[in-house]
Amino acid sequence: MAEDDAASFPLAVDYCGVCSMPPEYCEYSADPSKCYEWMKVNLPDHYSRIEAIAAQLEGVSVGEGKRQTRGGKAMKKVKIKEESVKRLCISRSQRAKRKCVTVIVGLKSFDIELKKASRLFAGHFSCGSSVTGDDEVVVQGDVYDGIVDFIKDKWPQVTEDHVKYMGDQKR
Amino acid sequence: MFRKFSAGESVSGTTQAKASVVRGIRTKLTEQYPELADYISDIIPKKEPLHILKCHDHIEILMRDNELLLFRQRDGPYIPTLRLLHKYPTILPRVQVDKGAIRFILSGANIMCPGLTSPGARMDVSLPQDTVVAVMAEGKEHCVSIGMTKMSTDEITRVNKGIGVENIHFLCDGLWNMKDFHR
């Protein structure tokens, strides 16, 4: 640490957007090359500094993933996030005679927090909404038509292609 | 301590701390970390609500504004989270490990004595046993982990074998990844 900035607490620390560690530790992350790519865009200062250090040390440019090989199993195996099929299934099911609920399955595959989503649904449609399963949200009321537009509005990563309309389903 | 830790499973409840409790925490902290006294009102302001997350294994985490600040186990010392320590790096005494040890620490290993005594490592101040220390790394600006000394520093240099510092909280462990907590 530089001694000259002693007075300015709290320090502002930048973190890598990929591995969440301070950029100087990116070389130890699961996939350093991804970190460096991110850093090039978002924290160019850090990138050039790290590149300089790396060049000094071994004359190898960063990103080529030259790793130390001493010791065996310290590094965790790179966990590749499962590319789950992104699909949103929407169905409606009858509850009492003239009441129904709308069931939304698959929000999780878009990294949407179910609890938050259900709160939003409840607010927007002014009805009850709850998380009922691992990846299932139930909205009390027939919002079959409106919900897709609302979801697309709120989470732009969801597109029409992802949505599968299941129609009426027995529960 | 936090290798397996997640907001969903490990946290059993949150409560807002009473003003008297907050006062108690503040005095305790200033006692424990005299360096912190100047910043205590920035870290834990008197007026703002402080939340306590009760977690498994008798761990308590203090949270303000969705930011995790400090934690402790049972009646142990309050220990800052790494994010807080990065902001105020002077609050804990430091030890430095050599480069080879970094990746082991990042996967949660305790710090062995040789990693603290080799040429790349440093122990500038002599510390007694059971001190909370910031573990720095050779050539790095920020600390990698927070640990507790299992021997005094003199002993570490003398014995030079076995666990020197116990790894409590390290980069990318469960607590680190639990950036914020939603109720």
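Biologist: Why does Trp155(A) count as buried?

Modeller: In this predicted model, Trp155(A) has a relative accessibility of 14%. Buried means under 20%, so Trp155(A) counts as buried.

Biologist: What makes the rings of Phe121(A) and Trp155(A) an edge-to-face pair?

Modeller: The ring centres of Phe121(A) and Trp155(A) are 6.3 Å apart, and their planes stand at 80 degrees. Rings pair if their centres lie within 6.5 Å, and planes over 60 degrees apart count as edge-to-face; the pair is therefore edge-to-face. Phe121(A) belongs to helix α3 (residues 114–125) of chain A, while Trp155(A) sits in the loop between α4 and β5 (163–168), 34 residues apart. Phe121(A) is buried, with a relative accessible area of 0%. Ring pairs also join Phe121(A), Phe125(A), Phe150(A) and Trp155(A) into a cluster.

Biologist: How many aromatic pairs does a search of the whole structure find?

Modeller: The search finds five aromatic pairs over all chains.

Biologist: Why is the pair of Tyr15(A) and Trp176(B) said to join two chains?

Modeller: Tyr15(A) lies in the segment before α1 (32–42) of chain A, and Trp176(B) lies in helix α8 of chain B, so the pair joins two chains. The ring centres of Tyr15(A) and Trp176(B) are 5.3 Å apart and the planes are at 80 degrees, so this pair is edge-to-face.

Biologist: Which of the words buried, partly exposed or exposed applies to Tyr15(A), and which to Trp176(B)?

Modeller: Tyr15(A) has a relative accessible area of 21%. Buried requires under 20% and exposed over 50%, so Tyr15(A) is partly exposed. Trp176(B), with a relative accessible area of 1%, is buried.

Biologist: What makes Arg92(A) and Asp142(A) a salt bridge?

Modeller: The closest N and O atoms of Arg92(A) and Asp142(A) are 3.0 Å apart. A salt bridge needs a side-chain nitrogen of Lys or Arg within 4 Å of a carboxyl oxygen of Asp or Glu, so this pair forms a salt bridge. Arg92(A) lies in strand β1 (residues 88–94) and Asp142(A) in the loop between β4 (136–140) and α4 (146–154), both of chain A, so the pair ties together parts that are 50 residues apart in sequence. Arg92(A), at 21% relative accessibility, counts as partly exposed, and Asp142(A), at 44%, is also partly exposed.

Biologist: How do you know that Arg72(B) and Glu60(B) form a salt bridge?

Modeller: Their closest N and O atoms are 3.6 Å apart, and the limit is 4 Å. Arg72(B) lies in strand β4 (residues 67–73) and Glu60(B) in strand β3 (residues 59–64) of chain B, so the pair ties together parts that are twelve residues apart in sequence. Arg72(B) is buried at 10% relative accessibility, and Glu60(B) is buried with a relative accessible area of 18%.

Biologist: Why does Asp124(B) count as exposed?

Modeller: Asp124(B) has a relative accessibility of 57%. Exposed means over 50%, so Asp124(B) counts as exposed. The side chains of Asp124(B) and Arg122(B) meet in a salt bridge, at 2.9 Å from N to O. Arg122(B), with a relative accessible area of 46%, is partly exposed. Elsewhere, salt bridges that share partners join Glu60(B), Arg72(B) and Asp75(B) into one network.

Biologist: How do you know that Asp173(B) has no salt bridge?

Modeller: The nearest side chain of opposite charge, Arg83(B), is 7.9 Å away from Asp173(B), whereas a salt bridge needs atoms within 4 Å. The side chain of Asp173(B) makes a polar contact with that of His169(B) at 2.9 Å, and reaches the backbone nitrogen of Phe170(B) at 3.1 Å.

Biologist: Which residues touch the most other members of the largest nonpolar core?

Modeller: In this core of 74 residues, they are Leu29(B), Ile44(B), Ile61(B), Val135(B) and Val144(B). Strand β8 (residues 132–137) of chain B supplies the largest share, six residues.

Biologist: Why does Leu70(B) count as buried?

Modeller: Leu70(B) has 2% relative accessibility, and buried means under 20%, so Leu70(B) counts as buried. Leu70(B) is found in strand β4 of chain B. Beyond residues up to four places away in sequence, Leu70(B) touches residues including Leu29(B), Ile44(B) and Ile61(B).

Methods. Residues numbered from 1 in each chain as written. Chains lettered and ligands numbered in written order. Predicted model: local features only at pLDDT ≥ 70, side-chain atom pairs only at ≥ 80, totals over all residues. Heavy atoms only, no water. Helix = DSSP H or I, 4+ residues; strand = E, 2+ residues; numbered from the N terminus. Buried < 20%, exposed > 50% of the residue type's maximum accessible area, 1.4 Å probe, protein only. Core = buried A, V, L, I, M, F, W, Y, C linked by side-chain atoms within 4.5 Å. Contact = heavy atoms within 4.5 Å. Lys, Arg positive; Asp, Glu negative; His and termini not counted. Polar contact = N/O pair within 3.5 Å; in protein donor to acceptor, adjacent residues only side chain to side chain. Phe/Tyr/Trp six-rings, centres within 6.5 Å; stacked < 30°, edge-to-face > 60°.
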